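This report describes charged side-chain pairs. The sequence and structure come next.

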Amino acid sequence: VLLYLHGGAYLMGSCGTHRKLVSHMARACGVPAVMIEYRLAPENPFPAAVDDAVAAYNALIEQGYSGSDILVAGDSAGGGLTMALLLSLRDAALELPAGALLLSPWLDLTSSGESVRSRADQDPWFKAEDMPYAAAYYCKDEELELPLVSPVFANVDGLPPVLIQVGDDEILLSDSTRIAEKLEQAGCEVTLEIWPQMWHVFQMFVGLMPESRAAIEKMVPFVRGRLGVASET
């Protein structure tokens, strides 16, 4: 089963906004998908969303799934939440999922990545000066570098295989490249795909542009392989 944590900078987004994307992913991979309406900021700041993600994962375990039956995925803030879920499960010595899929993950709420500057003129969605405002709704200033808030600062030892897809034109590119480097240095299995001339969560445009469909098709071997689903003939 695919446990999907939607994006929206912890402030917006819902199962409704992401249903099309997730349904396309689930159908392509041939697996069921579950989405949750985790609590959003500013009414429910950190760690509410992390607590909800952990609760959703544990609910699947209680329903009879094992960790090897679950692959966690998320985009943007949901990608950061996916990493926070993995770290929380590992630190609690709980069974980890089979893997994780991150789409343009927001992993550094301090906005300290190099791409915040180098991609400033290319990113069609985000401006660097706006990012601190979104972060302030989610957590306190003194929490910005906590591993469950900004996983680029985490110890990533022992995490399951991760596939990352990110656009080359987005200011959050460095979030993906830095976490990929940390995972690799920790001996974790990680695959980083940087899509040329693509923007933040371009997969959302599936049905409207070929790159979105191509990206989803490239997820299929990873998802099916990690969940032990037989390849279609």
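Which residue forms a salt bridge with Arg119, and how far apart are the closest N and O atoms? The partner is Asp168, at 3.0 Å.

## Basis of the model

This is a predicted model, in which local features need pLDDT of at least 70 and side-chain atom pairs count only at pLDDT 80 or more, while totals for chains, interfaces and linings use all residues. Residues are numbered from 1 along each chain as its sequence is written, and side-chain values use heavy atoms, with hydrogens and water left out.

The structure holds seven salt bridges (a side-chain nitrogen of Lys or Arg within 4 Å of a carboxyl oxygen of Asp or Glu). Helices (H or I, at least four residues) and strands (E, at least two) are DSSP runs, numbered from the N terminus.

Asp168 is partly exposed at 24% relative accessible area, whereas Arg119 is buried at 17%. Buried means under 20%, exposed over 50%, and partly exposed in between (1.4 Å probe, protein chains only).

## Pairs within helices

In helix α6, Asp175 and Arg178 are three residues apart, about one helical turn. Their closest N and O atoms are 3.4 Å apart. Asp175 is buried at 2%, and Arg178 is partly exposed at 23%.

Helix α7 (residues 210-227) contains Arg213 and Glu217, four residues apart, which form a salt bridge at 3.3 Å, N to O. Arg213 is partly exposed at 31%, as is Glu217 at 41%.
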